[in-house]
Amino acid sequence: MHLIPSLLSNSSSSSTMAAAAAATTTTTTTTTTTSSAESTDIENLYGFGERLSQAKDKSQNVKDYEGIITAAKGGTTKAKQLAAQLIPRFFHYFPQLHDTAANAHFDLCEEEEIGVRVQAIRGLPLFCKDTPEFVSRIVDILAQLLMAEENVERDAVQKALMSLLRQDVKASLTALFKHVESVDESTDENIRDKVLTFIRDKVFSLKAELLKPQEQMERHITDLIKKSLRDVTGGEFKMFIDFLKTLSIFGDKAPRERVQELMEIIESQADLDSQFDSSDVDHIDRLISCLYIAIPFFIRGASNSNFLNYVSEHIVPVLDKLPEERKLDLLKNLAESSPHTIPQDARQILPSIVQLLKKYMPQKRTGEEMNFTYAECLLYTFHHLASKTYNATNSLCGYKIVTGQPSDRIGEDFSEQFKDFQERLTCVEDLSRATVKKLTLGMSVQNKKMATASNEVKEKIKNEKQSAAAGLKTCNNILAMTQPLHKSSPLFIGDKRIILSWKEDAKSAVIPVSGGSGGKRPASTAINGSNNAAKKGRGAGGSQNQLVSRAFDSIGYRGRGGGRGGRGRGWGGRGRGRSFRPF
């Protein structure tokens with residue numbers, strides 16, 4: 001009875017051994033079969049390729065080319081890799097098989113085995129060597145393949161795209177930008193972002209090499225960019241404008257009409273034809289950012305008429321409804337734009353500027369808040385506009401400027417306007433002088449603290465002194481601009497004598513600190529070139545800090561939002577609601 005289990009056990013063991021032996025034999029047979037099949041596939045492919053290479057009229061070897069396509073569809077891994085080399089090599093000899101061959105090759109680009117995918121990607125530009133009509137289609141495929149996660153695969157895609165750009169830059173750019181300019185719901189945002197990144201990193205950086213013939217291709221890429229601006233973020237728009245202004249057709253030697261062309265692009269993005277809605281934060285951001293981007297082009301001769309008239313007509317009347325930091329951004333942009341205004345626009349805009357001046361320059365010290373940076377912006381704008389249309393200030397400010405024109409209105413009595421304006425100028429001067437005194441005294445006290453302060457406290461003091469220096473610059477600018485306005489026939493400053501406080505060179509903004517290292521803290525620069533610390537600011541053009549706050553608190557006139565905020569931060573999407581994505 002005890003033998004039965006033993007016999008059963010021996011029997012089970014024998015069965016297991018037999019099964020294992022059979023499995024081993026099967027595996028060996030399968031491996032041998034697979035290896036044999038792979039060898040056969042490779043051998044057949046080499047045969048197809050050799051015959052095609054040797055044939056004088058390759059178009060007659062249809063069966064050989066069909067054999068290559070068949071191997072690509074159902075062959076082994078190595079056979080597919082070899083087929084990926086052979087399909088594009090002989091592609092143009094068999095136009096009747098173009099669709100079949102191309103589709104088979106495209107399928108190889110999506111194979112599970114990365115070696116097959118990379119080989120297929122590398123072969124894509126070869127399709128266009130003798131059949132350039134395929135460039136657009138191949139570029140479209142490669143644009144989608146930019147989504148590849150593997151570095152080696154993504155590198156192959158980028159090299160293939162660069163190869164096609166060098167072969168046919170016009171067709172390649174057109175195909176790439178189709179992924180950027182499309183605004184329909186079917187557009188894949190991830191692919192669009194990858195294509196934009198490729199254009200920025202590869203195309204824009206190699207424009208001198210790729211854009212040939214230069215003028216023709218610069219015009220072509222400009223047209224493509226214009227089409228793409230229907231739906232862009234703030235960061236994307238700035239990227240495109242920054243690129244366009246590097247092109248020779250828009251360079252420093254470009255005629256004025258070319259500069260105006262760029263201005264029209266910016267104006268279109270700013271939606272200057274639309275009705276302004278103070279609750280539309282997206283439009284506010286877009287308009288103010290576009291105005292900032294436009295300033296360098298005003299300097300080069302482009303007209304600021306459309307921007308300034310829109311601001312005067314639509315925004316100034318509802319300025320108080322704007323977010324605080326955007327309000328300051330607008331006033332700074334307005335100040336920087338004002339020197340480039342033509343007399344006709346200056347006369348039209350000046351009344352609204354004078355109204356804002358009266359709003360933000362108190363008549364008496366009643367305890368109401370005053371923003372010194374607002375005053376600096378508006379006084380600067382006033383001077384530059386008034387210098388272009390002197391006698392317009394007669395009825396606005398009570399001056400008696402004689403030009404011999406009926407618009408002088410010399411016979412009318414504007415004494416009340418003159419008295420009111422002078423009182424406001426005097427009040428602002430008193431406040432500015434008091435602030436200068438407080439800031440200077442505070443900085444002196446801080447200098448004494450530096451000797452015994454820890455490194456952490458020293459850094460804090462240095463930062464406060466930098467902001468105080470900005471406050472001093474703002475107040476000194478205000479005093480320099482108010483003093484010439486006290487005469488009945490004043491002197492308007494329409495030149496470059498006044499340097500706006502936020503435009504001051506970084507070196508002059510640093511106050512020497514006794515006992516310190518003398519080092520300078522680099523400003524953190526955004527799209528507008530402003531210091532990030534200024535975003536939270538209350539006071540004379542700088543960030544919030546104890547020194548400046550104490551100076552303003554002691555006289556009861558603390559500024560609101562002296563910092564620049566995030567000017568040029570971009571805007572949300574248009575159409576599909578893209579949010580700002582910095583590059």
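What covers the buried residues of H5? In this predicted model, the cover includes helix H3 (77-89), helix H4 (98-108), helix H6 (135-145) and helix H7 (151-167). Helix H5 itself spans residues 114-123 and is mostly covered, with seven of its 10 residues buried. The buried positions in H5 are Val116, Arg117, Val118, Gln119, Ala120, Ile121 and Gly123.

Two packed helices are described by the angle between their axes and the distance between the axes. The axes of H5 and H7 cross at roughly 10° and come within 9 Å. Because angles under 35 degrees count as roughly parallel, H5 is described as roughly parallel to H7. On the H5 side, the contact is formed by Ile114, Arg117, Val118, Ile121 and Arg122. These residues meet Val152, Glu153, Ala156, Val157 and Ala160 in H7. By class, the contact of H5 with H7 has seven nonpolar and three charged residues, and no polar ones.

Arg117 of H5, which is buried and takes part in the contact with H7, is also one of the residues that line the second largest pocket. Glu153, on the H7 side of that contact, lines this pocket as well. The space in the second largest pocket is about 260 Å³. By class, six residues of the lining are nonpolar, five are charged and one is polar.

Terms used: Residues numbered from 1 in each chain as written. Predicted model: local features only at pLDDT ≥ 70, side-chain atom pairs only at ≥ 80, totals over all residues. Heavy atoms only, no water. Buried < 20%, exposed > 50% of the residue type's maximum accessible area, 1.4 Å probe, protein only. Helix = DSSP H or I, 4+ residues; strand = E, 2+ residues; numbered from the N terminus. Contact = heavy atoms within 4.5 Å. 1 Å grid on protein atoms, 1.4 Å probe; cavity = no way out; pocket = protein on both sides within 12 Å on 5 of 7 lines; lining within 4 Å. Points joined across faces, edges and corners; volume = space filled by probe spheres on them. Nonpolar A, V, L, I, M, F, W, Y, C, P; charged D, E, K, R; others polar. Axes fitted to C-alpha atoms, helices over the stretch in contact; angles between N-to-C directions. Parallel < 35°, antiparallel > 145°, perpendicular 65-115°, else oblique.
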